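Welcome! Please take a moment to look over the sequence and the 3D view before reading on.

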Amino acid sequence: MSIELQCPVPHFNHETIQMAHGAGGVLSRELTRKVFLPCFGNSSLDTLDDQAKLSIGAGKIAFTTDTFVVSPIFFPGGTIGDLAVSGTVNDLAVGGAIPLYLSAGFVLEEGFPLTDLQKVVSSMADAADKAGVQIVTGDTKVVEKGQCDGIFINTSGIGVIKNGIDISCTNLKPGDSIIVSGTLGDHGMAVMAARKGLSFQSDIISDTRSLSALISEILDEVPEVHAMRDPTRGGLAATLNELAEASRKGIVLDESTLPVRPDVQGASELLGIDPLNVANEGKVVVAVPRESAEKVLRVMQRHAYPSAGDAAIIGEVVDEHPGMVIVRTFLGSKRILEMPLGEQLPRIC
């Protein structure tokens, strides 16, 4: 007797690239492990941190690159330009590096308005100034109309790592506290709300911003930080699953402590998605020994970020269920917080 499946089931064996391959979830991980790592693998790349840590002379530098294709390019709280600068600065900072220099590569579509380009570039300059970095090299290509959605930007960055700092997604230790610097899901939901055809009105603003000053203060007071990540594509769920898998440790979250704005929660319910899967562009997740957690929390709470008062200790690292993230719910039950499978909110960064 044959059984006809009535519900969508995960499908992994695609013959062509799918949108979900760029979403930061299960398919992104599969693409990295099956296509890129077998050809490019080396000791720096294999850790799959947000940045490569390279030994040059007596010190270390961090090097990272990212490409930004967000749609629309102007959204509440930001532009593709300041997102491109802050995103790369943050990828350096969460590795414990002090960001110094960026490159900027532009792919422009024929017919793209110069006034829009000027607005994007001005927002990049402002973001770079606030982050204390310089854009020192770049490139521009123009493609025929219809071959690019207005503008795509690639930014690469270099920073230096102070002696004694050892931060990696492989470093979680049982007993570590997990702390997040503010409310979750703001960026992804702000971009979605700005898109045409969305059926709800919202005042949600993206959290796009540089984290370098905040992270620098944290490391000055708590240099023993074990791991940091900015929960971008795939949101908190993807970030914590990556940390748990890389360190082969379990993570337990307390649902009552997870900071989610009521309007983000409401919009997520309307769209049928989990706000823990929604991207952030100005938040950091930190894993530190339990005895240092309150000190990190105080640094976050006094920092002059709009949602700094929402920083919270949200969970802990455990020896049990290595590689998995468990949520203790409001009702006292437990559920698995899975790595997002694919694309729920396309082109949000």
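Which strand gives the most to the lining of the largest cavity? Strand β9 (residues 227-229) does, with three residues; strands here are DSSP runs of E with at least two residues, numbered from the N terminus.

This is a predicted model, in which local features need pLDDT of at least 70 and side-chain atom pairs count only at pLDDT 80 or more, while totals for chains, interfaces and linings use all residues. Residues are numbered from 1 along each chain as its sequence is written, and side-chain values use heavy atoms, with hydrogens and water left out.

**The cavity**

The structure holds one cavity of 30 Å³ or more, and the largest cavity has a volume of about 40 Å³. A cavity is a set of points, on a 1 Å grid over the protein atoms alone, where a 1.4 Å probe fits but cannot get out; lining residues have an atom within 4 Å of a point. Grid points are joined across faces, edges and corners, and the volume is the space filled by probe spheres set on the points.

Among the residues lining the largest cavity are D49, D50, K53, V94, I167, A227, M228 and R229. The lining divides into five nonpolar, three polar and four charged residues. At least three lining residues come from each of domain 1 (50-161) and domain 2 (176-336), with bounds taken from an automatic or database domain assignment.

**The paired strands**

Strand β2 (residues 59-68) pairs with β1 (residues 52-56) in the antiparallel sense over five bridges. Two strands count as paired if DSSP finds at least two bridges between them. S55 has K60 in β2 as its bridge partner. Two residues lie between β1 and β2 in their hairpin, and G57 in the turn has a positive phi of about 65°.

Strand β2 also pairs with β7 (residues 151-161), again in the antiparallel sense, over nine bridges. Here D66 stands opposite T155 in β7.

**The cysteines**

How many disulfides does a search of the whole structure find? The search finds zero disulfides, a disulfide being a pair of cysteine sulfur atoms within 2.5 Å. The table below looks at two cysteines.

| Cysteine | Nearest cysteine sulfur | Distance |
|---|---|---|
| C148 | that of C349 | 16 Å |
| C349 | that of C148 | 16 Å |

Are these residues buried or exposed? C148 counts as buried because its relative accessibility is 8%, and C349 is buried too, with a relative accessible area of 15%. Buried means under 20% relative accessible area, exposed over 50% and partly exposed in between (1.4 Å probe, protein chains only).

Methods:
Helix = DSSP H or I, 4+ residues; strand = E, 2+ residues; numbered from the N terminus. 1 Å grid on protein atoms, 1.4 Å probe; cavity = no way out; pocket = protein on both sides within 12 Å on 5 of 7 lines; lining within 4 Å. Nonpolar A, V, L, I, M, F, W, Y, C, P; charged D, E, K, R; others polar.
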